[in-house]
Amino acid sequence: VSAVTHETLLPKTPFGWAVVLTLALISQLGGQGMIAYGLAHLSASVSAVMLMWQPVVAALLAWWILHEPLTPSRALGGVVIIVGILVGTWRRSD
């Protein structure tokens with residue numbers, strides 16, 4: 001698409017590069033670093049289930065910050081994920 005529309009893929013200004021660098025540092029290093037830290041300190045089953053929070057939090061932040069619509073299907077998907085997390089982390093006391 002970029003070749004057809006003759007758009008550039010790289011930032012043209014120092015501010016544009018600063019935005020790209022900031023996104024890389026915050027999103028990749030920060031987020032992935034926290035995930036790696038959590039994986040080292042939690043069991044594999046709990047870690048796998050807890051990673052399912054990401055789409056729920058992303059949808060809520062997009063609704064709150066970016067004013068994206070939270071459609072009924074997205075809300076239902078979030079509820080299903082939350083119920084799955086609760087079921088997956090439920091510990092029986094025998």
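The model is predicted. The protein chain holds five helices and zero strands, and from the N terminus on its elements run α-α-α-α-α. With a radius of gyration of 19 Å, well over the 12 Å that the globule rule gives for 94 residues, the protein chain is more spread out than a compact globule.

**Overall build**
- Along its principal axes, the C-alpha trace of the protein chain spans about 65 × 35 × 25 Å.
- Of the 94 residues in the protein chain, 9% count as buried.

**Helix 4 on its own**
- Helix 4 covers residues 53-65, which makes 13 residues.
- From its first C-alpha to its last, helix 4 reaches 18 Å, close to the 18 Å expected at 1.5 Å a residue.
- After helix 4 comes His-67, with a positive phi near 60°.

**Where helix 4 meets helix 5**
- Helix 5 spans residues 72-89, and its axis comes within 9 Å of the axis of helix 4, the two crossing at roughly 145°.
- The crossing of helix 4 past helix 5 is left-handed.
- On the helix 4 side, Trp-53, Pro-55 and Val-56 take part, and they meet Gly-78, Ile-81, Ile-82 and Ile-85 of helix 5.
- The residues of this contact divide into six nonpolar, one polar and no charged.

**A loop residue, Pro-11**
- Pro-11 sits in the loop between helix 1 (2-5) and helix 2 (14-41).
- Its relative accessibility is 24%, so Pro-11 counts as partly exposed.
- Leaving aside neighbours within four places in sequence, Pro-11 is in contact with Gly-16, Trp-17 and Val-20.

Terms used:
Residues numbered from 1 in each chain as written. Predicted model: local features only at pLDDT ≥ 70, side-chain atom pairs only at ≥ 80, totals over all residues. Heavy atoms only, no water. Helix = DSSP H or I, 4+ residues; strand = E, 2+ residues; numbered from the N terminus. Expected span 1.5 Å × (residues − 1). Axes fitted to C-alpha atoms, helices over the stretch in contact; angles between N-to-C directions. Left-handed = near helix turned anticlockwise from the far one by under 90°. Contact = heavy atoms within 4.5 Å. Nonpolar A, V, L, I, M, F, W, Y, C, P; charged D, E, K, R; others polar. Buried < 20%, exposed > 50% of the residue type's maximum accessible area, 1.4 Å probe, protein only. Rg over C-alpha atoms; globule rule 2.2 N^0.38 Å.
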